[in-house]
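Please read the following report alongside the sequence and the model.

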Amino acid sequence: MDSIRGLLPTLLVIAAIALLAISLSGCGSDEQLLGKDLFDHSCAVCHSVDGSGGFGVDIGPGSNAALNLTDEQIAGVIRVGPGSMPGFGRLSDEQVASLVQYVRSLEVRSG
Ligand code: HEC
């Protein structure tokens with residue numbers, strides 16, 4: 001019994017390290033990301049964090065770009081990628097839906 005009790009702190013530390021490793025292994029992939037995190041990770045490189053554009057077109061505040069599109073059309077843009085924008089077909093339906101909402105929220109902020 002005493003030896004098990006002595007081991008307990010060590011086991012807890014090992015368990016904590018294992019959990020940390022599991023959560024860190026998610027970094028670098030966008031599998032778990034939603035909304036803003038996903039946008040910052042996958043889209044901001046071209047559209048910039050506020051959506052104002054760069055390599056990609058301005059889809060941010062005041063642009064009206066996505067306002068003129070239906071949710072289905074924005075989802076299609078994300079999945080297929082028009083012109084020189086790459087498609088993001090590997091994203092889940094949930095992730096695409098969260099991006100559609102986030103793109104809309106960027107535009108709404110234009111007031
Ligand atoms: C490699 C750069 C690049 C990345 C990454 C990128 N885009 Fe684009 N995006 C573009 C370009 C370029 C266009 C304009 C395409 C065209 O019409 O020729 C565009 C167009 C769009 C449009 C349509 C605007 C309109 O008026 O029709 C939306 C919405 C959009 N992108 C959202 C996103 C989202 C959301 C992501 C992340 C999942 C993303 N983009 C990632 C480059 C990019």
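Which residues have the most contacts inside the largest nonpolar core, and how many residues does that core have? The model under discussion is predicted, so local features are described where pLDDT is at least 70 and side-chain atom pairs count only at pLDDT 80 or more, while totals for chains, interfaces and linings use all residues. Residues are numbered from 1 along each chain as its sequence is written.

The largest nonpolar core has 15 residues, and those with the most contacts inside it are Ile-74, Ile-78, Leu-99 and Val-103. A nonpolar core is here a set of buried Ala, Val, Leu, Ile, Met, Phe, Trp, Tyr and Cys residues joined through C-beta atoms within 7 Å. A residue is called buried if 20 or more other C-beta atoms lie within 10 Å of its own, exposed if 12 or fewer do, and partly exposed in between, with C-beta atoms placed from the backbone. The elements that give two or more residues to this core are α2 (35-42), α4 and α5, and the largest share, five residues, comes from α5. In soluble globular proteins, nonpolar side chains tend to be buried together.

**The protein as a whole**

The protein has five helices and zero strands, where helices (H or I, at least four residues) and strands (E, at least two) are DSSP runs numbered from the N terminus. Of the 111 residues of the protein, 17% count as buried. Two residues are in contact if their C-beta atoms, placed from the backbone, lie within 7 Å; among contacts between residues at least 6 apart in sequence, 46% join residues at least 24 apart.

**Helix α4 and its partner**

Helix α4 spans residues 71-80, and within this helix Ile-74, Val-77 and Ile-78 are buried. Seen down the axis of α4, these buried residues fall within an arc of 95 degrees, so they line one face of the helix; the arc is that of the directions from the helix axis to the C-beta atoms. An α-helix has 3.6 residues a turn, so residues three or four places apart point the same way. On the other side of α4, Glu-72, Gln-73 and Val-80 are exposed. Just after α4, Gly-81 takes a positive phi of about 80 degrees.

The buried residues of α4 pack against α5 (93-108). The axes of the two helices, α4 and α5, come within 9 Å and cross at roughly 115 degrees, with axes taken as lines fitted to C-alpha atoms, for helices over the stretch in contact, and angles running from 0 to 180 degrees between N-to-C directions. In this contact, Asp-71, Ile-74, Ala-75, Ile-78 and Arg-79 of α4 meet Val-96, Leu-99, Val-100 and Val-103 of α5. The residues of the contact of α4 with α5 divide into seven nonpolar, no polar and two charged, where Ala, Val, Leu, Ile, Met, Phe, Trp, Tyr, Cys and Pro count as nonpolar, Asp, Glu, Lys and Arg as charged, and the others, Gly among them, as polar.

**Single residues in this contact**

Leaving aside its neighbours within four places in sequence, Ile-78 is in contact with Phe-88, Leu-91, Val-96 and Leu-99. Val-96 is buried, with 20 other C-beta atoms within 10 Å, and, not counting residues up to four places away in sequence, Val-96 touches Ala-75, Ile-78, Arg-79 and Leu-91. Ala-75 counts as partly exposed, with 18 C-beta neighbours inside 10 Å, and under that sequence limit of four places Ala-75 touches Val-96 and Val-100. Gln-73 is exposed, with 12 other C-beta atoms within 10 Å.

| Pair | Separation in sequence | C-alpha to C-alpha distance |
|---|---|---|
| Val-96 and Ala-75 | 21 residues | 6.1 Å |
| Pro-61 and Gly-51 | 10 residues | 7.3 Å |
| Gln-73 and Val-100 | 27 residues | 9.4 Å |
| Ala-75 and Gln-95 | 20 residues | 9.9 Å |

Ser-48 is found in the loop between α3 (44-47) and α4. Phi of Ser-48 is near 65 degrees, a positive value in a residue other than glycine. Most residues other than glycine have a negative phi. Ser-48 counts as partly exposed, with 17 C-beta neighbours inside 10 Å. Pro-61 is found in the loop between α3 and α4, and with 15 C-beta neighbours inside 10 Å, Pro-61 counts as partly exposed.
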